[in-house]
Amino acid sequence: MRRPFFLILFTFLSLISQAQKRKSHVTYRVTGKAIYVKHCMTCHQSDGTGVQNMMIPPLIKTDYVLGPKAAIIKILLNGLNGDIKVNGDNYSGEMPSQAVLKNSEIAAVLTYVRSSFGNKASPVTVSEVKSARAANKKAGL
Ligand code: HEC
């Protein structure tokens, strides 16, 4: 009689944890979108297309957005200015640092960007932002 009880309990608990995971993913995307609207949209536009003639690159399937997470986190922490190539076009604009954002906000906004505008890349976690920020500090940036 003990086994079925544990089986039921286990199924029940795993259902709860799945539901919670789904919920936290949804919340993350909602917060991520809000942060995007507030901190990125004026430049990169609501649909991530950027404004090419103002030197603002798109966030749609770019090497930076889909590439290594440490690199994209670093762009947010330090900003970016220099000559870069995005989806075949040259840009030499200036992106201000977004380092005022908390680790959780950076994780959420990058998770949103990497899973919106046609992008399908894995989420960015708070601990990934934390270690990228630490490495950044160590490098004296
Ligand atoms: C004031 C305008 C501005 C804001 C605000 C801004 N960016 Fe940028 N961003 C730029 C510009 C300009 C570049 C290109 C810099 C260069 O040419 O070196 C860029 C480059 C990038 C890149 C790398 C290139 C690419 O398109 O893949 C990413 C990723 C990015 N921004 C994400 C973000 C995110 C996410 C936010 C919000 C947290 C944000 N940016 C806020 C202007 C901005």
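A residue is called buried when its relative accessible area is under 20%, exposed when it is over 50%, and partly exposed in between (1.4 Å probe, protein chains only). By this rule, the buried residues of helix H4 (69–78) are Ile 72, Ile 73, Ile 75, Leu 76 and Leu 77. The structure is a predicted model, in which local features need pLDDT of at least 70 and side-chain atom pairs count only at pLDDT 80 or more, while totals for chains, interfaces and linings use all residues. Residues are numbered from 1 along each chain as its sequence is written, and side-chain values use heavy atoms, with hydrogens and water left out. Helices (H or I, at least four residues) and strands (E, at least two) are DSSP runs, numbered from the N terminus.

**The nonpolar core**

- A nonpolar core is a set of buried Ala, Val, Leu, Ile, Met, Phe, Trp, Tyr and Cys residues joined through side-chain atoms within 4.5 Å.
- The largest such core has 21 residues, and Tyr 36, Ile 73, Ile 106, Val 109, Leu 110 and Val 113 have the most contacts inside it.
- Two or more residues each are given to this core by helix H1 (2–39), H4, H5 and helix H6 (126–138); H5 supplies the largest share, 7 residues.

- Elements covering the buried residues of H4 include helix H3 (63–66), strand S1 (80–81), S4, H5 and H6.
- Leaving aside neighbours within four places in sequence, Ile 73 is in contact (heavy atoms within 4.5 Å) with Ile 106, Leu 110, Val 124, Glu 128, Val 129 and Ala 132.
- H4 is followed by Gly 79, whose phi is positive, near 75 degrees.

**Packing of the helices**

- H4 and H5 pack at an angle of about 120 degrees, with their axes 11 Å apart; axes are lines fitted to C-alpha atoms, for helices over the stretch in contact, and angles run from 0 to 180 degrees between N-to-C directions.
- Their contact is made by Lys 69, Ile 72, Ile 73, Leu 76 and Leu 77 of H4 and by Ile 106, Val 109, Leu 110 and Arg 114 of H5.
- The axes of H5 and H6 come within 8 Å and cross at roughly 120 degrees.
- Asn 103, Ser 104, Ile 106 and Ala 107 of H5 meet Val 126, Val 129, Lys 130 and Arg 133 of H6 in this contact.

**The loop at Pro 96**

- Pro 96 lies in the loop between strand S4 (94–95) and helix H5 (103–114).
- Pro 96 counts as exposed because its relative accessibility is 51%.
- The C-alpha atoms of Pro 96 and Gly 79 are separated by 4.7 Å, although these residues are 17 residues apart along the chain.
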